[in-house]
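Colleague: I would like to go through this model with you. Could we take it topic by topic?

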Amino acid sequence: MTHEADREPFVDAVETGRFLQLRPRRVLELARQGVIPAYPLGTGSRRVWRFRLSEVAAALRARSVDYPRQSPAPRQETI
């Protein structure tokens with residue numbers, strides 16, 4: 001029996017970056033850090049990384065959103 005995910009193609013960091021609206025380099029950083037699910041091919045520092053977009057989307061939905069670099073909203077002055 002074949003699962004739906006088994007038929008989904010693997011994509012590279014460029015396609016994943018388009019999906020996430022991130023640069024491919026940032027996608028690779030997130031993959032190396034284990035933030036997004038990825039499949040490394042090969043060994044050593046020159047690995048090739050592949051992604052399944054459904055898994056990336058599910059991982060993002062499952063995480064709590066945290067934007068540590070986002071500046072807070074300006075305070076409203078009361079009169």
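Colleague: What share of the contacts with a separation of 6 or more comes from residues 24 or more positions apart?

Modeller: Such residues account for 46% of those contacts in the protein. Please keep in mind that this is a predicted model.

Colleague: How many helices and strands are there?

Modeller: The protein has 4 helices and 2 strands. Along the sequence they follow the pattern α-α-α-β-β-α.

Colleague: And what percentage of the residues is buried?

Modeller: Of the 79 residues in the protein, 22% are buried. The accessible surface comes to about 6900 Å², and carbon and sulfur atoms hold 51% of that area.

Colleague: Which residues form the largest nonpolar core?

Modeller: That core has 11 residues: Val11, Ala13, Leu20, Val27, Leu30, Ala31, Ile36, Trp49, Phe51, Leu53 and Val56. Two or more residues come from each of helix H2 (13–20), helix H3 (24–33) and helix H4 (53–62).

Colleague: Which element gives the most?

Modeller: H3 does, with 3 residues. As a general point, nonpolar side chains in soluble globular proteins tend to be buried together.

Colleague: Let us turn to H2. Which of its residues are buried?

Modeller: Ala13, Thr16, Gly17 and Leu20 are buried in H2. Viewed down the helix axis, the buried residues of H2 fall within an arc of 105 degrees, so they line one face of the helix.

Colleague: What covers them?

Modeller: The cover over the buried residues of H2 includes H3, strand S2 (48–50) and H4.

Colleague: Thr16 is on that list. How accessible is Thr16, and what does its side chain approach?

Modeller: Thr16 has 0% relative accessibility and therefore counts as buried, the cut-off being under 20%. A polar atom of its side chain lies 2.9 Å from the backbone oxygen of Asp12. Leaving aside neighbours within four places in sequence, Thr16 is in contact with Val11, Val27, Phe51, Leu53 and Val56.

Colleague: What does Asp12 do with its own side chain at the start of H2?

Modeller: One of the side-chain oxygens of Asp12 comes to within 3.2 Å of the backbone nitrogen of Val14.

Colleague: And what is the phi of the residue that follows H2?

Modeller: H2 is followed by Gln21, with a positive phi near 60 degrees. Just after H3, Gly34 also has a positive phi, of about 80 degrees.

Colleague: Staying with H3, which residues are buried and which are exposed on the other side?

Modeller: Val27, Leu30 and Ala31 are buried in H3. Down the axis of H3, the buried residues fall within an arc of 100 degrees, so they line one face of the helix. Arg25, Arg32 and Gln33 are exposed on the other side of H3. The cover over the buried residues of H3 includes H2 and S2.

Colleague: Now H4. Which residues are buried there?

Modeller: In H4 they are Leu53, Val56, Ala57 and Ala59. These residues cover an arc of only 160 degrees around the axis, which puts them on the same side of H4. The face turned away from that buried side carries the exposed residues Arg61 and Ala62. H2 is part of what covers the buried residues of H4.

Colleague: What do Leu53 and Val56 touch?

Modeller: Setting aside residues within four places in sequence, Leu53 is in contact with Glu8, Val11, Thr16 and Phe19. With the same exclusion, Val56 touches Thr16, Phe19, Leu20, Pro37 and Phe51.

Colleague: How far apart are Leu53 and Glu8, in sequence and in space?

Modeller: Leu53 and Glu8 are 45 residues apart in sequence and 8.5 Å apart in space, C-alpha to C-alpha.

Colleague: A change of topic: how many aromatic pairs did the search find?

Modeller: The search of the whole structure finds 1 aromatic pair. Phe10 and Tyr39 form this edge-to-face pair, at 5.1 Å centre to centre and with 85 degrees between the planes.

Colleague: Where do the two partners sit?

Modeller: Phe10 is in the loop between helix H1 (4–7) and H2, while Tyr39 is in strand S1 (residues 39–41). The pair links distant parts of the chain, 29 residues apart.

Colleague: What is the relative accessible area of Phe10 and of Tyr39?

Modeller: Phe10 has a relative accessible area of 39% and is partly exposed. Tyr39, at 31%, also counts as partly exposed.

Conventions:
Residues are numbered from 1 along each chain as its sequence is written. This is a predicted model: local features need pLDDT of at least 70, side-chain atom pairs count only at pLDDT 80 or more; totals for chains, interfaces and linings use all residues. Side-chain values use heavy atoms; hydrogens and water are left out. Buried means under 20% relative accessible area, exposed over 50%, partly exposed in between (1.4 Å probe, protein chains only). Contact means heavy atoms within 4.5 Å. Accessible areas come from the Shrake-Rupley method with a 1.4 Å probe; for residues, only the protein chains shown count as cover. A nonpolar core is a set of buried Ala, Val, Leu, Ile, Met, Phe, Trp, Tyr and Cys residues joined through side-chain atoms within 4.5 Å. The arc is that of the directions from the helix axis to the C-beta atoms. A polar contact is a pair of N or O atoms within 3.5 Å; within protein, one must be able to donate a hydrogen and the other to accept it, and residues adjacent in sequence count only if both atoms are side-chain atoms. Rings of Phe, Tyr and Trp (its six-membered ring) pair if their centres lie within 6.5 Å; planes under 30 degrees apart count as stacked, over 60 as edge-to-face and the rest as tilted.
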